Structure formats: C-alpha cells, structure tokens
Amino acid sequence: MHEQEPWVSVDEVAKHLGIAKDTVYRWIESKSLPAHRVGRLWKFKLSQVDEWIEAGGAAEPEGNEEQG
C-alpha cells in the first residue's frame, strides 16, 4: 500500500514555487490553478500544481510581457 500525497496550504504552494501568496490566489481566480476548497481554506496537491506549471498554466499571454 502506498502513501497518499498530502494536501498542502497556500503558504506551502507559495514557498514551493518561490512566489507570493497573493500570486497563488490570483492564479486560482484567473488561471485555473488546480485547487480545492475545504471550508474556508484552499488546499493543493503539489504534483497537480507542478503539472499545471509544466503545462504552461502560469505562462503570461503572448504580447503581455512587461516593458522595462
């Protein structure tokens, strides 16, 4: 019997990806980051988050790069 992957919090996802918690919440709303609501909390499986990132889920739309 194999161990199930644990559910993690917004804090843990932000730390895992090296981004701000606000970005995690924004990606849930606007980019369909795979997240599940448990009461008032958002929970994640890091494997699903990693797959979403690798599939380009966090990529900016073409022509939307910041000018600097």
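This is a predicted model: local features need pLDDT of at least 70, side-chain atom pairs count only at pLDDT 80 or more; totals for chains, interfaces and linings use all residues.
Helix 1 and helix 3 cross with a right-handed sense. The axes of helix 1 and helix 3, the latter spanning residues 46–54, come within 11 Å and cross at roughly 45°. The two helices are therefore oblique to each other. On the helix 1 side the contact is made by Val13, His16 and Leu17, and on the helix 3 side by Leu46, Val49, Asp50 and Ile53. By class, the contact of helix 1 with helix 3 has 5 nonpolar residues, 1 polar and 1 charged.

Helix 1 also meets helix 2. Here helix 1 covers residues 10–17 and helix 2 covers residues 21–31, and their axes come within 8 Å and cross at roughly 105°. Angles of 65 to 115 degrees count as roughly perpendicular, so helix 1 is roughly perpendicular to helix 2. Helix 1 brings Val10, Asp11, Val13, Ala14 and Leu17 to this contact, while helix 2 brings Lys21, Val24, Tyr25 and Trp27. These residues divide into 7 nonpolar and 2 charged, with no polar residue.

The largest pocket comes next. Its volume is about 150 Å³. The lining consists of Ser9, Val10, Asp11, Lys21, Tyr25, Arg40, Leu41, Trp42 and Lys43. Helix 1, helix 2 and strand 2, which spans 41–43, are the elements that give two or more residues to the lining. Strand 2 gives the most, with 3 residues. By class, the lining of the largest pocket has 4 nonpolar, 1 polar and 4 charged residues, whereas the contact of helix 1 with helix 2 has 7 nonpolar and 2 charged.

Key. Residues are numbered from 1 along each chain as its sequence is written. Side-chain values use heavy atoms; hydrogens and water are left out. Axes are lines fitted to C-alpha atoms, for helices over the stretch in contact, and angles run from 0 to 180 degrees between N-to-C directions. Helices (H or I, at least four residues) and strands (E, at least two) are DSSP runs, numbered from the N terminus. Angles under 35 degrees count as roughly parallel, over 145 as roughly antiparallel, 65 to 115 as roughly perpendicular and the rest as oblique. Contact means heavy atoms within 4.5 Å. Ala, Val, Leu, Ile, Met, Phe, Trp, Tyr, Cys and Pro count as nonpolar, Asp, Glu, Lys and Arg as charged, and the others, Gly among them, as polar. A crossing is left-handed if the near helix is turned anticlockwise from the far one by less than a right angle, and right-handed if clockwise. On a 1 Å grid over the protein atoms alone, a cavity is a set of points where a 1.4 Å probe fits but cannot get out, and a pocket is an open set with protein on both sides within 12 Å along at least five of seven lines; lining residues have an atom within 4 Å of a point. Grid points are joined across faces, edges and corners, and a volume is the space filled by probe spheres set on the points.
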